[in-house]
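The sequence and the model are shown first.

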Amino acid sequence: MPQNHTVLKRSLGLWAIVGLGLGYMTPTTVFDTFGIVSGETNGVVPLAYLVALVAMVFTAISYGRMTRIYPSAGSAYTYTSQTIHPNIGFLVGWTSLLDYLLLPLVNALLIRIYMESFFPDVPAWIWVVGYVLAITALNLWSMNSTSKINGILVVFEVVLIGVFIVLAWNALTHGDGNGSAFTTTPLFHDGVDASAVISGATVVCFSFIGFDAITMYTEEAKDTNTVPKAIVLALVIGGAIFFAAAWFGQSVFPTLDGFQNTDDTLPEMALKVGGEFFKILFTSAAFAATVASSLSSHASVSRMIYVMGRNGTGPVSRFFSFVHPKYRTPSFAVVFVGAVSMLAIPFTLEFISSMINFGALIAFTFVNLTVVILFVFRRKEFRTPRQIFTNIALPVVGMAFTGILWANLNIDALTYGVIWLGIGIVCLLVMTRGFRRKINVSMREEDAVEFDGETLPA
């Protein structure tokens, strides 16, 4: 394959990137997991989300700082490669790929399940193939169009969440649930245990995964300085939506009495506050949320594969680093993600879900670690109270919160994650000829991006 010099197109503004992050986070998840988290925490879902939000803020700050230092796609892979060692960066990128690749697959599985429930006589593979081809085509065609469609879907689901809150408020004024939204019961009441809240927070923490994926769009942002802002905005806005929805949901449903299915409470919650018609609308919002997550997650992982390919050598690297000369998207990486998503045909949601979260925790840990290594050990910026606070305290607290998540990681996720990491180590051994050489990694932002129609010189 000939050398490809086409670059990614800078077409994303601040709110387009924020929308992609929110789409990745899937705000309606709060209703899907409400029953599980409410049972886990003894009825304080909002508190679990508040704890999770605080835990994620420290890591988000680290992501924002590192993307200013290294304004290149690749996220934790790029930061670790540049700050610690390219070989370690490869392993961080490799483990992150497990989660990033699986999320588009999970979304395709969810769509398959939705459609099977409506059309049980239609073969499941038809829904998967049609859906994955559509998502892949949109991502291949234009990042700008992908972000616009994602934005419409995100607005739709957020509006429906707003309608749910209004209906819940109305139910509370008529004496349902706690009888009032102005009560501290959703945050604390007798029988609430701190360890149970932390356990619930580990479940909802992964609803926030998406703010980190924003860094994948750095080379397509109109202004790279907007990416750190987008990270914080996506996390804060997403956290506010989660908290408000959880607060009113918990106020109306202080217990799970009367629920037929506590594994996915969204349809029943909608039915109980708004009737059958609102149930249909709210379920369609969940469908829209899944599509939005598919678009954003597909786009982000293809950018990571593109960057890893761009930094490598040989035909495989050239294949994944190819950028379509017309559409200005990493076309082969996009198609590869689509091919992986086709595994939604034979696999089950339970099996795929059990493999998720290991890679995200690896990425979170190393992004916080790179802040310490870069600013403390390399730049020696630890002499003033402010430097100690920003360069040591904040990232260390971020790592501590990540450690709590590690301690509560599902055993299946840990097992499959270690297996995936082992495969990555074998690949690294081959590529480095037994660690006798390091992987060639260069940021190459200058020869990989375009600004206002003008390619920046190398």
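## Basis of the model

This is a predicted model, in which local features need pLDDT of at least 70 and side-chain atom pairs count only at pLDDT 80 or more, while totals for chains, interfaces and linings use all residues. Residues are numbered from 1 along each chain as its sequence is written, and side-chain values use heavy atoms, with hydrogens and water left out.

## Overall fold

The chain has a secondary structure of 17 helices and two strands, where helices (H or I, at least four residues) and strands (E, at least two) are DSSP runs numbered from the N terminus. Along the principal axes, the C-alpha atoms fill a box of roughly 65 × 60 × 45 Å.

Of the 458 residues, 54% are buried, where buried means under 20% relative accessible area, exposed over 50% and partly exposed in between (1.4 Å probe, protein chains only). Among contacts (heavy atoms within 4.5 Å) with a separation of 6 or more, 83% are between residues 24 or more positions apart.

In soluble globular proteins, nonpolar side chains tend to be buried together. Here the largest nonpolar core has 125 residues, and F31, Y63, F208 and F282 have the most contacts inside it; helix 11 supplies the largest share of this core, 19 residues. Such a core is a set of buried Ala, Val, Leu, Ile, Met, Phe, Trp, Tyr and Cys residues joined through side-chain atoms within 4.5 Å. Leaving aside residues up to four places away in sequence, F31 touches I161, F164, A245, T265, L266, M269 and F282.

S300 lies in helix 11 and counts as buried because its relative accessible area is 0%. Beyond residues up to four places away in sequence, S300 is in contact with Y24, A213, M216 and Y217.

## Pocket and cavities

On a 1 Å grid over the protein atoms alone, a cavity is a set of points where a 1.4 Å probe fits but cannot get out, and a pocket is an open set with protein on both sides within 12 Å along at least five of seven lines; lining residues have an atom within 4 Å of a point. The largest pocket has a volume of about 1,400 Å³ and is lined by 44 residues, of which T29, T33, V106, S353 and I356 lie nearest its centre. Helix 6 gives the most to this lining, with nine residues.

Volumes are the space filled by probe spheres set on grid points, which are joined across faces, edges and corners.

## Residues with positive phi

Most residues other than glycine have a negative phi. N42, although not a glycine, has a positive phi of about 60°, and N42 lies in the loop between helix 3 (34–41) and helix 4 (45–69). K380 likewise has a positive phi of about 60° without being a glycine, and K380 is found in the loop between helix 15 and helix 16 (385–407). N42 counts as partly exposed at 41% relative accessibility, as does K380 at 39%.
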